[in-house]
Amino acid sequence: TVMVAGHCDERGTIEYNIALGEKRAKAARDYLVSLGVGADRVKVTSYGESRPFSNGHGEADWAQNRRAHFERP
């Protein structure tokens, strides 16, 4: 089993970013399923903007924060 965690940049409301992170994680999950990974083996979660990869406030930093990571559940 693997967890796909969706992340966002700092722009937008907390609620919007949580929903966007979940949408991003589900897109990654759907891609893995399309490659043959069992859907029951992939869980999703969203951290929104709460765990940035880059702490800067420019476009290059925001681009790094818009991502999906794999974690162990």
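Which strand does Val44 lie in? The points below answer this and then go through the rest of the model.

1. Val44 lies in strand β2. The model is a predicted one, and every remark here should be read with that in mind.

2. The protein chain has two helices and three strands. Read from the N terminus, these elements follow one another as β-α-β-α-β. The radius of gyration is 12 Å, close to the 11 Å that the globule rule gives for 73 residues, so the protein chain is as compact as a globular protein of that length. Along the principal axes, the C-alpha atoms fill a box of roughly 40 × 20 × 20 Å.

3. The three strands form an open sheet in the order β2-β1-β3, and the pairing is mixed. Why is one side of β2 and of β3 left without a neighbour in the sheet? Both strands stand at the edges and each has a single partner strand, so one side of each has no neighbour there. On average, and with direction ignored, neighbouring strands of this sheet are turned by 25 degrees against each other.

4. Strands β1 and β3 run antiparallel and are joined by five bridges. Within this part of the sheet, Gly6 stands opposite Ala68 in β3. Helix α1 packs on the sheet and touches β1, β2 and β3. The direction of α1 makes about 155 degrees with that of β2.

5. His7 belongs to strand β1, which covers residues 2–7. Is His7 buried or exposed? Its relative accessibility is 2%, and buried means under 20%, so His7 counts as buried. Apart from neighbours within four places in sequence, His7 is in contact with Gly21, Arg24, Tyr47, Gly48, Arg51, Asn65, Arg66, Arg67 and His69.

6. Val44, the residue of the opening question, has a relative accessibility of 25% and counts as partly exposed. What does Val44 contact beyond its neighbours within four places in sequence? The residues are Met3, Val4, Ala25, Lys26 and Arg29. Val44 and Lys23 are 21 residues apart in sequence, while their C-alpha atoms are 9.3 Å apart in space.

7. Where is Val37 placed? Val37 is in the loop between α1 (14–34) and β2 (42–48). With a relative accessible area of 28%, Val37 is partly exposed. Not counting residues up to four places away in sequence, Val37 touches Leu32 and Val42. Val37 and Thr1 are 36 residues apart in sequence, and the distance between their C-alpha atoms is 9.9 Å.

8. Some figures for the protein chain as a whole remain. Of its 73 residues, 27% are buried. Among contacts between residues at least 6 apart in sequence, 70% join residues at least 24 apart. The accessible surface comes to about 4,700 Å², and carbon and sulfur atoms account for 55% of that surface.

How values were computed. Residues numbered from 1 in each chain as written. Predicted model: local features only at pLDDT ≥ 70, side-chain atom pairs only at ≥ 80, totals over all residues. Heavy atoms only, no water. Helix = DSSP H or I, 4+ residues; strand = E, 2+ residues; numbered from the N terminus. Buried < 20%, exposed > 50% of the residue type's maximum accessible area, 1.4 Å probe, protein only. Contact = heavy atoms within 4.5 Å. Pairing = 2+ DSSP bridges. Axes fitted to C-alpha atoms, helices over the stretch in contact; angles between N-to-C directions. Rg over C-alpha atoms; globule rule 2.2 N^0.38 Å. Areas by Shrake-Rupley, 256 points an atom, 1.4 Å probe, with all protein chains shown as cover.
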